[in-house]
Structures are given as C-alpha cells and as structure tokens.
Amino acid sequence: MRISRLVTRTLRDDPPEAETASHRLMLRAGLIQQVAAGVYAYLPLAWRSLRKIEQIVREEMDAAGSQELRMPALQPRELWEQTGRAAAFGDNMFSLEDRRGRPLALAPTHEEVVTNIVKGNVQSYRDLPVILYQMQTKFRDEPRPRAGLVRVREFTMKDAYSFDAGEDGLDVSYNVMAQAYRNVFRRCSIPVVMAEADSGAIGGKDSHEFLLPADSGEDTVITCPSCGYAANAEKAAGVYPGQPVPDPLPLEAVDTPGMKTIAAVSEFLGVDEAQTLKAVFYAADGAVVFVTIRGDLEVNEVKLKNVLHCNELRLADDDEVAAAGLVAGSASAIGISNVRRVADASITNGGNFVVGANRPDTHYRNANYPRDFDADLIADIALTEPGHQCANCGAELEFTRGVEVGHIFKLGTFFSEALGAYYLDQDGQQRPMVMGCYGIGISRILAAAIEQNHDEQGIVFPPPIAPYDVHLVALNMSDETVAEAAGELYDRLWAAGIETLFDDRAEAAAGVKFNDADLIGLPVRLVVSPRNLRQSAVEMRRRTAREAEMVALDDAVEAVRGMLGKP
RNA sequence: CGGGGUGUAGCGCAGUGGUUAGCGCGCCACGUUCGGGACGUGGAGGCCGGUGGUUCGAAUCCACUCACCCCGACCA
C-alpha cells in the first residue's frame, strides 16, 4: 500500500477526548473513526490488523477441533423470551420491529440460536462432543461506552459453544478451549491473567476471565502472590479479619443523636467498625430486600444478585425504604419481618454487635444472631477488599486493574433444557446436552495489544498482528533515483511475501514521515534516501530498536526476512 | 439513570448583543526546500448542533431539544 493513496490521516496532537493509551493512539494513527457513541469504523490499517487477529483465533479454534459457522445478528425476540434472557438483558439488548410489527433483536450473544442449530443436527451421544464458533458482530446497548474500542456497543467477537454428553465431557472441552485461549493471547503478545469469574445468573459451574493487567482496565483482578490464586472482584473469595465470638451480653439501647453512618456510630460509641452490623436496602426486581453485613465489610452486589436469583438489583430509593417502614441510619433486622432479609455470613464472625434500633437517633449494643434477629437467608455476599487474605493460603491478596479480553463459561444444561436440545445416551435415555461458551473480543484484543505495546512515539505492533510487516520510507521522492529505487524495493518486498506500507509522499518532510512511521508502529522500518543510495544501501530498523543498521540494497529483502523471522 | 462538561471550516480551538465570523494545522496552485512534524506568495472551504423565543440587530441572551465526552451507577 502506498501512503499517498491510503485513506487515513494521522493526527499531530492527542485527541482531547481520549484518555487511555490505546484509544489515543488508535485515533492518532488513523486506525479508527467514531460514528456514534460506542460505534466505530475500522479504517484500513485497523481492519488489516483485525483480520490477522481473527486468523490467529481461527487457527487456534480449528486446532482445538472447533468448527466455524456464521449465525445471524438479527433474531426474533421470541427466541429470547423462551429462555427468559430478554428480561435478563433488559435494555442492554437492542430491540426493533420489522414492518409487520414482529419483535426482533440485534443479538448480544448467540446461545439461543446455536442451541437450536445443534438441536436440529445432533441426536446421539455418538455425535458429541461438538464445538462451534463464529466471528460475528455483537450488539450491546451499553449504558456507557468508553475508552475507544474497550467498551463499545457494536463489536467483533469470536464466540464458541461446546456441547457434550456429560459434565466430564464439558470439563474436557473447557480445558481444551482454555488452552486455545492461552495460545491466542501469547501469539498476540498480550500477557493475560486467567482469573476465576462469576458465572452469572445462569449459574454454570465454572467461569474464567482472561485479563490484561492495565491501569486503564475496567475490571479488578485479585491475585494471590503466594499460591497463584486469581479471581475477579465479583467472584473473589477472600478471608476478612476475624473477630472473636464473645459470650452474649444483654441487649441494651443507647442514644446516638445524629449518628447515621457506621463510621459515625462506631466513633461515637468507641467500638471497632467490625463490631457493628450495617443495614443496606436493595430493590430486587422491585421488591425491597433488607441486607445485614458486618460494619467493616461491603456488599458484593453480584454475589447478592446470584443468591437472590433476580434480574435487576439496585439500591432501594428513599420512597421504597419509607414504604417498607425502615429507618435509614438506624436500621437493623431486629423485629423486621415484612421484607425479605438476607445476611452475610460475617454476622456469625463476632458478636455483641452495635446495630440500629429501628428508630431515629438510637442504636442497640450487644445484638447477636440468632438471639436478637433473624434472616431468611445467610450467604457469603461480602466484597473482597484490600487487606483481605487469600482463602487458599492466607497470604495478603493483591489488587490490580485489567482489561477483559476473553471469558469462558461452563453453562451446564440451562439452554439445552429451555430449548429442548436433548441427545440419546448409550442406554437410550434422553438427556440434555451439557454446554459451555467461550468468547474473545476481537476488536478488544486490538485495543489491549496496543495498550500493552506502545511507547512515547506511538504504537509498537506485535509482529503477528501488525497491519503490515514493513514501513518503507522514501526520503525526497522528487529525486528520481530515490523514487525509482524505493519503488523497485517495494515491488521486491511484496514479491517476497513481505507486506509493505510505502511512504511515497513527495510533499511530506522527513520528520513527518519518521514520526508517522513511529506512530503507526510497524515492526520494521526501511529508509531509502539519496544519502543511503550513494552507498547502494538502505537503512533498516526494528521498531523497538534504538539504532538502525545499514544493509546493501540488493540484500534488503533477505535482511528484512531475517529481522521478521520469516521463512 | 445521577453529577460535570462540550457542540463554530476536514482536525484542534478563539470569538459573551453591533460591519463581510477568525486563528493554527490540514487542503489546492506556483516557487524555494529536502534525514526527525520546512518556508514564501496566492487561494478554496461555515445552516456557529436543531427548533422556538427576546431584540432594530443573536454564534453571543432565554426556553426546549438532540448529539458527544468525562466521573459514578451499570456491565455474560
């Protein structure tokens, strides 16, 4: 490709709206252009890179025994009603109607469709396992798109789905896919952490996220430096500071004028926050839920949502709290029975707690479960926080930010049962297929790779996913010898299978060309100039190297081949 | 959905009631340059996000509205 013909322009300055490195550099290097909030056009350079990423993923999927197919993005919403996921996705799913008023959706994912496809094509255990995958555009109406390609509303995803004859088979498929994922990220130069993740409302057995550690990431990864445990913040099981369980003392009311927060109450009464119980009010699918947790801990809303089996969970608003007769700031589960009560397991770790008295400006000392209050459900719903310890080995946990580039789930039989995807086993018994699903954000890999591989000057493309192998710069194109030599070298490179971007612009100054080459960040830069031609040489520099080397013009193709490690 | 902000030339911005709306970059023509973002001369390019109001007069004031960005909430 000749840059003089390339429909892309580089930006001299950083775009003001771009905060993260990948967003900033992709805009500056002319890789992407925004069309709407969370909707981007991939310009020619980005598209070449994305196709290479797709090809790497495709090779690893094929090697793992998965078959590629292509499913539609436009789907009847009825299909989503059958599994109840229309409600689960809610406003995150783009919905529309056709000309006859039939409800349709732009698919955020493809479990429903793929399950129906397999249902129609597989009836026997002899046909299992099956793994299908596709590269497809996904649509998700995210509340807040951000950071360029990191969180968008339309994006390219590789999604794979496994169907097995039993849980053991699923474990095998899952591990095969996990290994394929590691291969993909290694080849794309993205060092990932494979972290245990929440498996969501569907409630499968296992789930793992692949995260690139990066400050700009949206997810929190919690890792144990000692035993290697890794999990995301929603899933992480930590051990919080334990409290002695004392002999119960008599319940005692105390005046706490104006004290409405745990911090205020504990300071006023001179007790540790861990010796208080906090009340938090949620609305789960519209119904108020009363949550009790030890005062030094926070509620993990994902864990809470899972134990409640609800679609929508949010903090209750003032009206809902008032309607339930609750006293914000002085609430406790004592005497509460008109709403559902959930308590974190921490209420049994400690005792003689300070709790609200359910009337203003008053608290109780020495509240104990179950003597003084009850709960409909006790579960681990505490958020793991800095200072907490690894549940496996006791070492202090570490917290880092990460960009999620892949996510795999053991789904179990939720979809196969809802949609009737059964097979006959060896004994002639009808059984639901056991499913797994496996996603990689193709466009997010590009963002993550740039986030991970850049410097002050610009992108440093990992060679396997660079849009071109070589950036050929011709200085002083108005000099006929240069134009001729550079053009001839360009043809030789392509003839040798080396993908080359040729800066043949006659009007651009040397500095402009060098800066653009650094910004776009192809693995190898070649410079043809009058100065070099006097020695019948070209200058060759690896993007990551400080110094360039001179190679004879006649040997340039071989030298580049060597530098790229190409056969 | 809450909070904050921005919409003026392809891009980045200035312009707070008064001629024909400006600057930088980019773009076009000619000339000079030619190894890390050159220079001169001359040009092209605007529904000042939209609608309605106030006014002799609106990019500028008011109301409504749309879009986009950032923080939070949210996030299979």
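This is a walk through one predicted model, from its overall build to a few single residues. Because the model is predicted, local features need pLDDT of at least 70 and side-chain atom pairs count only at pLDDT 80 or more, while totals for chains, interfaces and linings use all residues. Residues are numbered from 1 along each chain as its sequence is written, and chains are lettered from A, with ligands numbered from 1, in the order in which they are written.

Let's start with the whole chain. The C-alpha trace of chain A spans about 95 × 65 × 50 Å along its principal axes. Chain A has 15 helices and 31 strands; these are DSSP runs, helices being H or I with at least four residues and strands E with at least two, numbered from the N terminus. Of its 567 residues, 43% count as buried. A residue is buried if 20 or more other C-beta atoms lie within 10 Å of its own, exposed if 12 or fewer do, and partly exposed in between, with C-beta atoms placed from the backbone. Contacts are also counted in chain A: two residues are in contact if their C-beta atoms, placed from the backbone, lie within 7 Å. Of the contacts with a separation of 6 or more, 72% are between residues 24 or more positions apart.

Now look inside. In soluble globular proteins, nonpolar side chains tend to be buried together. A nonpolar core is a set of buried Ala, Val, Leu, Ile, Met, Phe, Trp, Tyr and Cys residues joined through C-beta atoms within 7 Å. The largest nonpolar core has 115 residues, and V405, I445, L472 and L526 touch the most other members. Leaving out residues up to four places away in sequence, L526 touches V470, L472, V473, V538, E539, M540 and A556. There is also a second, separate core of 34 residues, which includes V289, L297, A316 and V355.

How do helices meet one another? Two packed helices are described by the angle between their axes and the distance between the axes. Here the axes are lines fitted to C-alpha atoms, for helices over the stretch in contact, and angles run from 0 to 180 degrees between N-to-C directions. Angles under 35 degrees count as roughly parallel, over 145 as roughly antiparallel, 65 to 115 as roughly perpendicular and the rest as oblique.

Helix α2 (residues 44–63) packs with helix α11 (residues 442–452) at an angle of about 110°, their axes 9 Å apart, so α2 and α11 are roughly perpendicular to each other. In this contact, A46, S49, L50, I53, E54 and V57 in α2 meet I442, S443, I445 and L446 in α11. The residues of that contact divide into seven nonpolar, two polar and one charged; Ala, Val, Leu, Ile, Met, Phe, Trp, Tyr, Cys and Pro count as nonpolar, Asp, Glu, Lys and Arg as charged, and the others, Gly among them, as polar.

Helix α2 also packs with helix α6 (residues 167–187), at about 155° with axes 9 Å apart, so α2 and α6 are roughly antiparallel to each other. Here I56, V57, E60, M61 and A63 in α2 meet A180, N183, V184 and R187 in α6. Helix α11 has another partner too: helix α1 (residues 21–28) packs with α11 at an angle of about 100°, with axes 8 Å apart. A21, S22, L25 and M26 in α1 meet A447, I450 and E451 in α11.

Finally, some backbone details. Most residues other than glycine have a negative phi, and most peptide bonds are trans. A cis peptide bond joins L128 and P129, with omega about 0°, and P129 sits in the loop between α5 and β7. A147, in the loop between β7 and β8, has a positive phi of about 55° although it is not a glycine. Is A147 buried or exposed? A147 counts as buried because it has 21 C-beta neighbours inside 10 Å. S536 also has a positive phi, near 50°, and lies in the loop between α14 (530–533) and β30. With 10 C-beta neighbours inside 10 Å, S536 counts as exposed.
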